[in-house]
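User: Hi! I'm new to protein structures, and I'd like to learn how to read one. Could you walk me through it?

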Amino acid sequence: MVVKPLVFAPDAMLSRRTRRVRQIDAGVRKLVEDMIETMHDANGVGLAANQIGVPLRIAVIQIPEDEEATVLINPEVVRREGEREVEEGCLSIPGYQGKLKRSFKVRVKAQGLDGKPFRIKAEDDLRAQALEHEIDHLEGRLYVERLVSKEQLWKIGEREEDEQEPDGPEAAPSVN
Ligand SMILES: [Zn+2]
């Protein structure tokens with residue numbers, strides 16, 4: 001497993017739609033291992049393949065309570081319900097966070113590394129947020145395009161409320 005260099009905005013790699021995976025071969029399995037290693041190294045809760053420069057429709061997600069990463073090959077959101085306001089960050093836009101609207105409930109279908117289709121649903125939590133964030137990446141979209149307003153993007157540590165957090169900005173709920 002290898003930690004890969006991250007791609008940062010405004011790299012065009014992040015604004016292009018990724019290609020579907022046709023065959024889950026050794027190359028895809030190696031890529032997924034590297035994605036998981038890179039996500040762990042960066043303390044992210046998710047990572048999309050194009051964030052390490054590979055334009056394939058693959059994402060990994062691991063929120064703090066998960067013992068292992070969930071691998072999503074060719075994920076699609078099949079249903080969204082409701083709306084909520086969340087704070088979010090991105091490994092490809094380091095040092096910033098923003099406030100945006102995400103769905104309250106999300107249902108996603110994907111394939112696992114074994115090629116078998118499965119579904120995940122999540123509601124009002126970090127997993128729901130990460131699913132939408134990662135699938136947005138695979139569509140070539142960044143969270144900053146969904147901000148409630150331009151003023152709703154800030155540098156981590158520059159808000160008064162951030163300074164009051166005992167564990168500092170690293171402890172803020174950041175996504176991938
Ligand atoms: Zn991201």
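Analyst: Let's go from the overall fold to two single residues. This is a predicted model, where local features need pLDDT of at least 70, side-chain atom pairs count only at pLDDT 80 or more, and totals for chains, interfaces and linings use all residues. Residues are numbered from 1 along each chain as its sequence is written, and side-chain values use heavy atoms, with hydrogens and water left out.

User: How many helices and strands does the protein have?

Analyst: Helices (H or I, at least four residues) and strands (E, at least two) are DSSP runs, numbered from the N terminus. Here there are three helices and eight strands. Their order from the N terminus is α-β-β-β-β-β-β-β-α-β-α.

User: What is the radius of gyration of the protein, and what would a compact globule have?

Analyst: The radius is taken over C-alpha atoms, and the globule rule is 2.2 Å times the number of residues to the power 0.38. For 176 residues the rule gives a value near 16 Å, and the protein has 16 Å, so the two agree. Along the principal axes, the C-alpha atoms fill a box of roughly 50 × 35 × 30 Å.

User: What share of the residues counts as buried?

Analyst: Buried means under 20% relative accessible area, exposed over 50%, and partly exposed in between (1.4 Å probe, protein chains only). In this protein, 45% of the 176 residues count as buried.

User: Where is D66 found, and is D66 buried or exposed?

Analyst: Look at the loop between β2 (58-61) and β3 (70-81), where D66 is found. D66 counts as buried because its relative accessibility is 16%.

User: Which residues does D66 touch?

Analyst: Contact means heavy atoms within 4.5 Å. Not counting residues up to four places away in sequence, D66 touches I61 and R127. The side chains of D66 and R127 are also joined by a polar contact of 2.9 Å. A polar contact is a pair of N or O atoms within 3.5 Å; within protein, one must be able to donate a hydrogen and the other to accept it, and residues adjacent in sequence count only if both atoms are side-chain atoms.

User: And what about T18: where is T18 found, and which residues is T18 in contact with?

Analyst: T18 is found in the segment before α1 (26-41). At 8% relative accessibility, T18 counts as buried. Leaving aside neighbours within four places in sequence, T18 is in contact with N50, P55, L56, R57 and L138. A polar atom of the T18 side chain lies 2.8 Å from the backbone oxygen of L138.
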